[in-house]
Amino acid sequence: MEHRYDFLIVGTGIAGLFYSLKIAEINPNAKIAIVTKKSEQDTSTNKAQGGIAAVLAKTDSFDSHIKDTLTTGQGLCDIDVVTQIVENGPEVIKELMHYGVKFTTDGDVLAMGREGGHSHSRVVHAAD
């Protein structure tokens with residue numbers, strides 16, 4: 001039996017599922033196949049410690065996050081890619097919340113942790 005798809009997404013972690021949602025928004029008629037290891041719970045996203053780093057606090061800045069990333073990357077990072085990812089981070093967090101990701105909160109604000117390589121608390125997580 002032959003199957004034809006417009007997109008094949010390997011992985012059901014947050015990146016694969018988020019990407020498939022974006023494809024469906026842009027092209028509602030796209031045929032998308034999503035391949036997983038065993039189950040939707042068997043993902044690195046579900047097993048990972050930590051979360052997603054984004055500039056969300058007024059005391060933080062894109063420049064600081066970019067500097068932290070480049071320092072930790074020890075010359076292996078492309079500054080243009082880092083800049084694009086860091087500057088789009090807050091909007092991506094909002095989109096994920098729109099899709100139903102329930103990040104941990106501290107009262108009415110997102111709880112943000114500080115993890116390796118970051119000079120500010122900027123890592124949001126979901127019950128991690």
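**Figure 1. S64 has its place in helix α3.** Helices (H or I, at least four residues) and strands (E, at least two) are DSSP runs, counted off from the N terminus. The model is predicted, so to speak of a local feature takes pLDDT of at least 70 and a side-chain atom pair counts only at pLDDT 80 or more, while totals for chains, interfaces and linings use all residues. Residues are numbered from 1 along each chain as its sequence is written, and side-chain values use heavy atoms, with hydrogens and water left out. S64 is buried, with a relative accessible area of 14%; buried means under 20% relative accessible area, exposed over 50%, and partly exposed in between (1.4 Å probe, protein chains only). Skipping residues up to four places away in sequence, S64 touches S119, H120 and R122, where a contact is heavy atoms within 4.5 Å.

**Figure 2. D60 sits in the loop between β3 (52-53) and α3.** With a relative accessible area of 9%, D60 is buried. Once neighbours within four places in sequence are set aside, D60 is in contact with A54, V55, H120 and R122. H120 and R122 also turn up among the residues that S64 touches.

Figure 3. For a distance to check in your viewer, take the C-alpha atoms of K67 and T83: 9.6 Å separates them, and they are 16 residues apart along the chain.

**Figure 4. Q74 has a positive phi, near 50°, without being a glycine.** Look for Q74 in the loop between α3 (62-73) and α4. Q74 is exposed, with a relative accessible area of 70%.

**Figure 5. Helices α1 (residues 14-26) and α4 (residues 79-98) cross at roughly 80°, and their axes come within 12 Å.** Two packed helices are described by the angle between their axes and the distance between the axes. Here the axes are lines fitted to C-alpha atoms, for helices over the stretch in contact, and angles run from 0 to 180 degrees between N-to-C directions. That makes α1 and α4 roughly perpendicular to each other; under 35 degrees would count as roughly parallel, over 145 as roughly antiparallel, 65 to 115 is roughly perpendicular, and the rest is oblique. On the α1 side the contact is made by I14, F18 and K22, and on the α4 side by V92, E95 and L96. Sorted by class, that contact has 4 nonpolar, no polar and 2 charged residues. The classes work like this: Ala, Val, Leu, Ile, Met, Phe, Trp, Tyr, Cys and Pro are nonpolar, Asp, Glu, Lys and Arg are charged, and the others, Gly among them, are polar.

**Figure 6. How many aromatic pairs does a search of the whole structure find?** The search finds 1. A pair of aromatic rings is described by the distance of the centres and the angle of the planes. The rings of F18 and Y99 have centres 6.0 Å apart and planes at 80°, so this pair is edge-to-face. The rule: rings of Phe, Tyr and Trp (its six-membered ring) pair if their centres lie within 6.5 Å, with planes under 30 degrees apart called stacked, over 60 edge-to-face and the rest tilted. The pair links distant parts of the chain, 81 residues apart: F18 belongs to helix α1, Y99 to the loop between α4 and β4 (105-106). F18 counts as buried at 17% relative accessibility, whereas Y99 is partly exposed at 27%.

**Figure 7. A30 lies in the loop between α1 and β2 (32-35).** A30 is buried, with a relative accessible area of 15%. Not counting residues up to four places away in sequence, A30 touches D6, F7 and I23. The C-alpha atoms of A30 and Y5 are separated by 7.7 Å, across 25 residues along the chain.

**Figure 8. Zooming out, the protein has 4 helices and 7 strands.** From the N terminus on, the elements run β-α-β-α-β-α-α-β-β-β-β. Of the 128 residues, 27% count as buried.
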